[in-house]
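I opened this entry to keep track of what I looked up and in what order. The structure comes first, then my notes.

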Amino acid sequence: MTTTTLEDRERRKAWGFVAPALLWTLAFFVVPFVYMAALSLWSRQGRDIVHVWNLDNYLRFFSESALLRGLTNSLEITITVTILSVLLAYPLAWIIAERVPKRLQRMALILAILPFWTSYVVRSYSWLLVLSKGGVINQALMGIGLIAEPLEIASNRTATVIGFVHFFVMLLTLTIYSNLIQLSPNYRRAAADLGANAFQTFWHVILPLTLPGIMTGAFLTFVLCIGDYITPQILGGNNELVLPQIIMLQIGRRADFPMAAALSIILMLTVTAAYVLCARWLRIERA
Amino acid sequence: MTRSFEGAAARRFFMSTIALGALAAGQANATEELNALVWCDHTDPALIEPFETANDVKVNLKEYEGTGAGISILEQSQPGDWDVMVIDAVDVHRVIDMGVLGEMPANALPSADLFPELVMNDNNTKDGKTYAITEKFGYNTISYDKTKVDPKDMEDLSVIWSDKYKGRIALYDYYLPMIGLVQLGLGKKTADLSDADMPAIEEKLAAMKAASKQVSDVVSSQTALATGEVDILVGGGEWITASLAKDKPNLDWTVPKQGAVRWAQSIAVMKDSKNPDLALKFVQYILSPEGQARLATSSCYWGMPTNQKAGEHLDGEQKKALRWDDQAGYLKNTQLYPIPSAELDKKMQDAWTNMMQQ
């Protein structure tokens, strides 16, 4: 009897701790998500929203190339950004963790993430000025005689990717660095004892052990990048639209909330698919 | 020149911030409040402050861009949330049909002082009742850097889909005036635009995209032209270049021989306004010669006042930038935005989205 009472009390206590988080998730994720899913099954006809459930919005997405192209543009840009960011962030994180003296590492990290301190919008507009015909890059390259005509690096996909990579390298540097400093130096010593050179140690020991950090950062980069509206809007020059821009067009120009909801669900499913792929891959590596 | 432009923008931002702060402090204890759904030109403290001070009222401004966004906000609002609304003149009937606009007494409005072409009874009235009044207008046409292009080329609309300035053109990202411009370039009237015109329009839109560097909103378009990223802005006009006239005298605009599209914005009182008398008073202030001059030279964008008496409150430089003396000719050679049915509107938006994805 006493045991049961204790168990009940413990159970109630546990629910007491969990309940606020559950209620929060229910109120601010589950309910809005269910509403959005239901909304995506209605449709806008003329200037009215018709409350009859159908799959018209989803069918339209797969039948109109301009809409489908939004998703492929998003995926192409996001995958490019994620790969480039990992390739740039890993060496940076490694240098900070392995080559910078311990007492200076905090300062090095602060310097690495310094651009985080400026507004995202301001940073994007700044990039536009830097990359423009008369911007710092073109002026410098022309000044030293490397190019005769300015490079076309503003208001296109290149500019969008540069803007994204600048931001996400900072994020990835943090996640990879935190992983690197947790590695015991004994791994390296053991590898050296077994005759591995520096590259073999990195390739067969360090890299696999830091994969969780890389994958966590890469997944965060993927999620934040594919859902971003501001950078492509400011730096892309509207020469191609990504999915969030198309969602904004449905809301801002057409007041077509059902279509916007359907596109948002598609975006969420894409992120979910990315998560499933990452999670499975990570599990295999850990096995 | 880039520096002076940025400096001017920074100055404007700094002064606006100070002015907004002063405005907020000064009106914090106002006895009444007015909620206005407006375009960005109404958020200039130099325009709003005199009305607030004179009437001991705090005007709460919610800014939006594009009729779709405005209608979205209305659909999500409760009756009484808004007292006043600014809307594209060609879209007034869309809002009248939603049943949210209130009738304004025609004799309380200075319609007789307006440029006759801007009275726009077909747009602002329904069944003999006045629901809105046109407050500002201008042109979606061609803005350019006269030091980098041949101004004579800008007199022909076909330049916007030719290869002569390939990669040096920005397209203003608003499908209605842009498709209207294409229709004019094809030698047709914007008012006659129908489904049958869309294939030819789509073909020209594709050519325009191929010749352009970017498709951009107001800020990005203005920045691109001012920084030399592009030399021509299709869809621009005095609203892009006039406020930069002092810092960037190399920027100019023209109405080509085929004509241009005329934009006009109207202001209306909401049917469920909690303070309809004060709302009407606000409309009267905006339409007064002094209010009109302030609205015309608002920090967000400039445009022609509809009230001809506003000229008394504009100085020579301001009139020159607005091309005050050329208005008679411009009004004759420009046409209103197309007013599409819901179905045609969807086709036009699809055509525009397709163009951007090419």
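**Where the chains meet**

I began with the interface and found that 23 residues of chain B are in contact with 22 residues of chain A; two residues count as in contact if their C-beta atoms, placed from the backbone, lie within 7 Å. I then looked up which elements of chain B take part: α3 (67-75), β8 (212-216), α8 (218-227) and α14 (342-357) each supply at least two residues of the side that touches chain A. α14(B) has the largest share of that side, with 7 residues. By class, I noted 5 nonpolar, 13 polar and 5 charged residues on this side of chain B. Here Ala, Val, Leu, Ile, Met, Phe, Trp, Tyr, Cys and Pro count as nonpolar, Asp, Glu, Lys and Arg as charged, and the others, Gly among them, as polar.

**What kind of model this is**

I note that this is a predicted model, in which local features need pLDDT of at least 70 and side-chain atom pairs count only at pLDDT 80 or more, while totals for chains, interfaces and linings use all residues. Residues are numbered from 1 along each chain as its sequence is written, and chains are lettered from A and ligands numbered from 1 in the order in which they are written.

The model scores ipTM 0.77 and pTM 0.80. Chain B averages a pLDDT of 89, and 92% of its residues score at least 70; pLDDT is the predictor's confidence in each residue, from 0 to 100. Over residues 1-23 of chain B I found pLDDT under 50, and the model has 18 contacts beyond four places in sequence for them.

**Chain A**

I listed 12 helices and 2 strands in chain A. Helices (H or I, at least four residues) and strands (E, at least two) are DSSP runs, numbered from the N terminus. From the N terminus on, the order is α-β-β-α-α-α-α-α-α-α-α-α-α-α.

I looked up the radius of gyration next: chain A has 24 Å, but a compact globule of 287 residues would have one near 19 Å. That radius is taken over C-alpha atoms, and the globule rule is 2.2 Å times the number of residues to the power 0.38. The C-alpha atoms of chain A fill a box of roughly 85 × 70 × 30 Å along the principal axes. Of the 287 residues in chain A, 31% are buried. A residue is buried if 20 or more other C-beta atoms lie within 10 Å of its own, exposed if 12 or fewer, and partly exposed in between, with C-beta atoms placed from the backbone.

I also checked A:N238, which has a positive phi of about 55° although it is not a glycine. A:N238 lies in the loop between α10 (230-235) and α11 (243-252) of chain A. It counts as buried because it has 23 C-beta neighbours inside 10 Å.

**Chain B**

I counted 14 helices and 13 strands in chain B. The box filled by its C-alpha atoms is roughly 60 × 45 × 35 Å along the principal axes. Buried residues make up 48% of the 358 residues in chain B.

Chain B is divided into domain 1 (2-136 + 264-320) and domain 2 (138-261 + 332-357); these bounds come from an automatic or database domain assignment. The centres of the two domains, taken over C-alpha atoms, are separated by 26 Å. I found 9 residues of domain 1 in contact with 14 residues of domain 2. On the domain 1 side, helix α1 (residues 2-27) gives the most, with 4 residues. That side has 6 nonpolar, 3 polar and no charged residues.

B:D127 also has a positive phi, near 50°, in a residue other than glycine. I placed B:D127 in the loop between β4 (125-126) and β5 (129-130) of chain B. It counts as exposed because it has 7 C-beta neighbours inside 10 Å.

**The core**

Which residues touch the most other members of the largest nonpolar core? In this core of 146 residues they are A:L263, B:V84, B:I169, B:V234, B:A268 and B:V283. Such a core is a set of buried Ala, Val, Leu, Ile, Met, Phe, Trp, Tyr and Cys residues joined through C-beta atoms within 7 Å.
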